[in-house]
Amino acid sequence: MTVIEGNKDEAMRCIDIAVQALTEGKLEKAEKFLLKAEKLFPTEKAKVLLSKVKSFPSNGGSSSAGGSSQRDSETDGVRKRKNSDSRNAEPDYTAEQMEAVRKVKKCKDYYEILGVTKTSTDSEIKKAYKKLALQLHPDKNRAPGAVEAFKAVGNAAAILTDPEKRKQYDLYGINDSHSGGGGGGGNGGMRNGYYTSDFGYSRGFQADVSAEEIFNMFFGSGFPQQNVYMRSNRRRQQREERENQSSSSALINLLPILVLIGLSMMSSFFISDPIYSLTPSHKYSVKRETNSLKIPYYVKDNFYSEYQGSVGRLEESVEEDFINHLKLSCSRERNYRDSMLAKARSFGDRDLFRKAQNINMPSCENLQKYLNT
């Protein structure tokens, strides 16, 4: 059922309350509930009654006696109008239909809703559902609350005809009393770990199909039991597929990182240490000098036995690396001196200017010495 149809049931209940208020002479109450009914679901019946209520004189008379007589006349008028309106505003449901709804509302669990026991067979449960569903279907029963009662009956049948859900419901779903923890109020509260509605039965167990779909399964195609749970299984499979896809996506996202880690680990096995170093260390402890520029460099203990290449080409590489290192260091020293000179000029600081001019630049001096050799 749609939200609009659900509002219609509530609107009809408000109209009934307004009619009762009119018989008691409570015009303000009647007007309040008629306005509410119009907001929920506009009907011609509510419009007619509301126009009649507004046509009554106000209760606030000029004197108490006048007000009293006025209220008496209004009450008599309301009673007469109610008798005449009752013929034009008869409820579109029977007392039997209203009683069927009330019976469902009083139930505390799914077995009581269908009028079966925990030992009832599957066929007995289906038979009980068919009987109640025909009584409570909103297209036939327009009593207030019929929509919710119809849903409750369908939900009960879907749960109790599923062996696994019925087993779980027998273990956890029945409330022994109406008292329980959690919030109460008109919408029910929390009991035994499940939310309960005004009907009193556990709402922790809900069917995966709508009440109309359950009804069509029973009366449209002979109710093949497997179809009732087809959507539940399909949803479960879709959820598992989404979880598997998310896991696969995470693995795919991590794959480039894993590849890089693997390559770095593999490269460590194939890349050997350099033959020499320009600075001494525990590994490079043997000092040597190049023949041309007499530049010191350091090799491993096993250099003489392990190195099979040309020592001349090796020393050319050492001298080239050493000169490049001096060039880089000299560039940094010059940049530092130039920044100090610029700062001294901007501030007009002669002392800072002289200090900047006298800054030592050992790398530049060594570079000049080797280049002139």
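Student: Why is Tyr297 called buried?
Tutor: In this predicted model, Tyr297 has a relative accessible area of 0%, and because buried means under 20%, Tyr297 counts as buried.

Student: What makes Tyr276 count as buried?
Tutor: The relative accessibility of Tyr276 is 14%, which is again set against the cut-off of under 20%, so Tyr276 is counted as buried too.

Student: How many aromatic pairs are there, and how do you know whether Tyr276 and Tyr297 form a pair that is stacked or edge-to-face?
Tutor: The count comes to six aromatic pairs. For Tyr276 and Tyr297 the ring centres are 6.3 Å apart, with 80 degrees between the planes; because pairing asks for centres within 6.5 Å and edge-to-face for planes over 60 degrees apart, this is an edge-to-face pair. The pair also links distant parts of the chain, since Tyr276 belongs to strand S3 (residues 276–277) and Tyr297 to strand S5 (residues 296–299), 21 residues apart.

Student: What makes the pair of Phe303 and Tyr307 stacked?
Tutor: Here the distance is 5.2 Å centre to centre and the angle between the planes is 10 degrees; planes under 30 degrees apart count as stacked, so Phe303 and Tyr307 form a stacked pair.

Student: Are the two members, Phe303 and Tyr307, buried or partly exposed?
Tutor: Phe303 has a relative accessible area of 6% and is therefore buried, whereas Tyr307, at 22%, counts as partly exposed, because that class lies between the limits of under 20% for buried and over 50% for exposed.

Student: Why is Phe150 called buried, and where does Phe150 lie?
Tutor: Phe150 lies in helix H8, and at 2% relative accessibility Phe150 counts as buried, because the limit is under 20%. Between Phe150 and Ala133 the C-alpha to C-alpha distance is 6.4 Å, although they are 17 residues apart in sequence.

Student: Which element gives the largest share of the largest nonpolar core?
Tutor: The largest nonpolar core has 33 residues, and those with the most contacts inside it include Tyr129, Leu136 and Val153. Among the elements that give two or more residues to this core are helix H7 (122–136) and helix H8 (146–160), and the largest share, ten residues, comes from H8.

Student: What makes Arg13 and Glu10 a salt bridge?
Tutor: Their side chains meet at 2.4 Å, N to O, and because the criterion is a nitrogen within 4 Å of a carboxyl oxygen, this pair is a salt bridge. Arg13 and Glu10 both lie in helix H1 (residues 3–23), three residues apart, which is about one turn of the helix. Arg13, at 35% relative accessibility, counts as partly exposed, and so does Glu10, at 26%.

Student: How do you know that Glu315 forms a salt bridge with Arg288?
Tutor: The closest N and O atoms are 3.7 Å apart, and because the limit is within 4 Å, the contact between Glu315 and Arg288 is a salt bridge. Glu315 lies in helix H14 (residues 311–347) and Arg288 in strand S4 (residues 286–289), so this pair ties together parts that are 27 residues apart in sequence. Both Glu315 and Arg288 are buried.

Terms used. Residues numbered from 1 in each chain as written. Predicted model: local features only at pLDDT ≥ 70, side-chain atom pairs only at ≥ 80, totals over all residues. Heavy atoms only, no water. Helix = DSSP H or I, 4+ residues; strand = E, 2+ residues; numbered from the N terminus. Buried < 20%, exposed > 50% of the residue type's maximum accessible area, 1.4 Å probe, protein only. Core = buried A, V, L, I, M, F, W, Y, C linked by side-chain atoms within 4.5 Å.
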